[in-house]
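Welcome! Here is a short briefing on the structure you are about to see, arranged by topic so that you can follow along on screen.

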Amino acid sequence: MGAGIAEVLARGGLAVVGIEVNREALERGRGNLESSTGRAVKRGKLTEDAQHEILGRITLSTDFADLGDCDLVIEAVPERLDLKRTVFAELDRVCRDDAVLATNTSSLSVTDIAVTTGRPTKIVGVHFFNPAPVMKLVEVIGTVLTEPESVARVADLVKGLGKTPVTIGDRAGFVANRLLFGYLNQAAAMLETGHATRDDIDAAMKAGAGLPMGPFTLMDLIGLDTCLEVLEAIFAESRDRRHAASPLLRELVTAGLLGRKTGRGFYTYDKSAPAAEAAREPGGAAPTVGVVGVGPLADAVAALCDRAGARVGDSAADLAGCDLIIEAAEDPEAARALLSAAVQAAKPGTVIAVTSVDGSAIRQAMATGRPSDVVGLHLPDPAGALAEMSATVATDPDVADRAAALLGRLGLTVARCRDRAGFIVDALRLPYLNDAAAMLGAGYADADSIDAAMTLGCGYPTGPVADLDRIGPDRAVAVLRALHAEIRDPALAPAPLLVEHATAGKPLR
Ligand SMILES: NC(=O)c1ccc[n+]([C@@H]2O[C@H](COP(=O)([O-])OP(=O)(O)OC[C@H]3O[C@@H](n4cnc5c(N)ncnc54)[C@H](O)[C@@H]3O)[C@@H](O)[C@H]2O)c1
């Protein structure tokens, strides 16, 4: 991170002094700077002259005394409080009295670092994201001790470097990690409890939530040791059990399986093996589908069947010949009535998929009198390619396999899970969105800052406040209530601000 930050500052035209612990580390840092700017030259993003200018602005040293003239020092040593405090004591000694001292810590308390220095008013957090030259977000943290001018100076500098500063207070995980790691840990817990497989969870979050990568791919990329470290810091402050690191994550870290950097984490990275392909259901001719229910969901299901070239019908005669009946009624009572009529018409062996409104399929399945033939179905975006499919304890395993194959023949990517509220996507996405609403409600950060943190810091296509307004606060509250009713975790109760907006029928922004 230190080399990346030095590059950003030098690219912004500033003179930089880079300090390392010894000559060997200094040479490694020099190598990082040369190769990073060299790659930019190769890609045609930087001329060779500009590269020389940038590198010429950076002086490398192992002597802290060389920092004596600096206006701002950014510390990026390993994430250990004792080490950071030692470094800050040294900085305090060698730096000018008016110099601002910043830490790039991801998860330690900036206040914990500030209180042991002789200049707590001039200590700020400046949290760059990796890789620093590429990522646009920088979280700028002021503690209760920091003077506002120091925070403003750093935020202005960050803006001048072409980055987007988000200025916030000193809370574990700040905005981006606080929101991201609750979600990542919950994905690990979902795997651990057998709710769904690693591949189904990753595929569902990519295809159903539009994320650039699934949670296990992302954790392996970040490094599982770092994930554990960040979660422990957040849990120490939040005491929210959703931040208590999943035992599976802890086990992998203890085993030294840290993700990409060690060749194995949630996935195994074997350079000689071909890249893993997402599991696809076998193709085949489009099935004959019966759609029961009226309303937008039923229309969307009929449209997707049409697109796949499937024959669709809803009369008793049609239903009698169907491979698959999809219940897509808008309310549970209507769904149960329609289903029992449809099931009577259906031939033995027809697979019945229920799009349960309240999140679990078993009640509808029991109402059919043929629960072994029933699976749950959720289309996070009816115009999209993902189908989440749940099997209940009563579903015949062979029926679940046939249901997945039939949905695959409708051109859908199928993510399978157990019969729990929210399937995969909503069960992971809504608690994250709720955390964002709670953060907004608590006044920790404003809507623009929260959205910027997730889009610019984590590469999310849209921010959580925008997501909530797209989904609708009322629907978000309904799904959260279903999740809360099932799991009874207090953190899943909809945030008061969200409930207020849902009641008022008013978007958050
Ligand atoms: N890696 C990330 O993705 C990331 C992202 C944001 C923030 N951070 C934070 O940035 C900081 C550094 O993380 P990293 O991943 O670059 O760690 P790293 O271990 O890769 O690099 C730390 C560097 O600090 C040097 N160092 C150690 N002791 C020193 C001392 N006394 N004086 C000067 N240099 C010293 C080491 O030689 C090493 O080069 C941590 O606080 C981390 O939480 C990391």
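Predicted model: local features only at pLDDT ≥ 70, side-chain atom pairs only at ≥ 80, totals over all residues.

- For H17 (residues 425-441) and H18 (residues 447-458), the angle is about 145° and the axes are 10 Å apart.
- H17 and H18 cross in a right-handed way.

**The sheet**
- Strands in a sheet pair through backbone hydrogen bonds, in either a parallel or an antiparallel way.
- Five strands form an open sheet here, in the order S3-S4-S5-S6-S7 and with mixed pairing.
- S3 (72-75) and S7 (164-168) stand at the edges with a single partner strand each, so one side of each has no neighbour in the sheet.
- On average, neighbouring strands of this sheet are turned by 25° against each other, direction ignored.
- S3 pairs with S4 (residues 100-103) in the parallel sense, over four bridges.
- Within S4, Leu-101 is the bridge partner of Val-73.

**Around the ligand**
- The ligand is surrounded by 18 residues, and the closest are Met-1, Glu-20, Glu-79, Lys-84 and Asn-104.
- Asn-104 has a polar side-chain atom 2.9 Å from an oxygen atom of the ligand.
- For Ser-106, an N or O atom in the side chain is 3.1 Å from an oxygen atom of the ligand.
- Asn-130 places a polar side-chain atom 3.1 Å from an oxygen atom of the ligand.

Notes:
Residues numbered from 1 in each chain as written. Heavy atoms only, no water. Axes fitted to C-alpha atoms, helices over the stretch in contact; angles between N-to-C directions. Helix = DSSP H or I, 4+ residues; strand = E, 2+ residues; numbered from the N terminus. Left-handed = near helix turned anticlockwise from the far one by under 90°. Pairing = 2+ DSSP bridges. Near = heavy atom within 4 Å. Polar contact = N/O pair within 3.5 Å; in protein donor to acceptor, adjacent residues only side chain to side chain.
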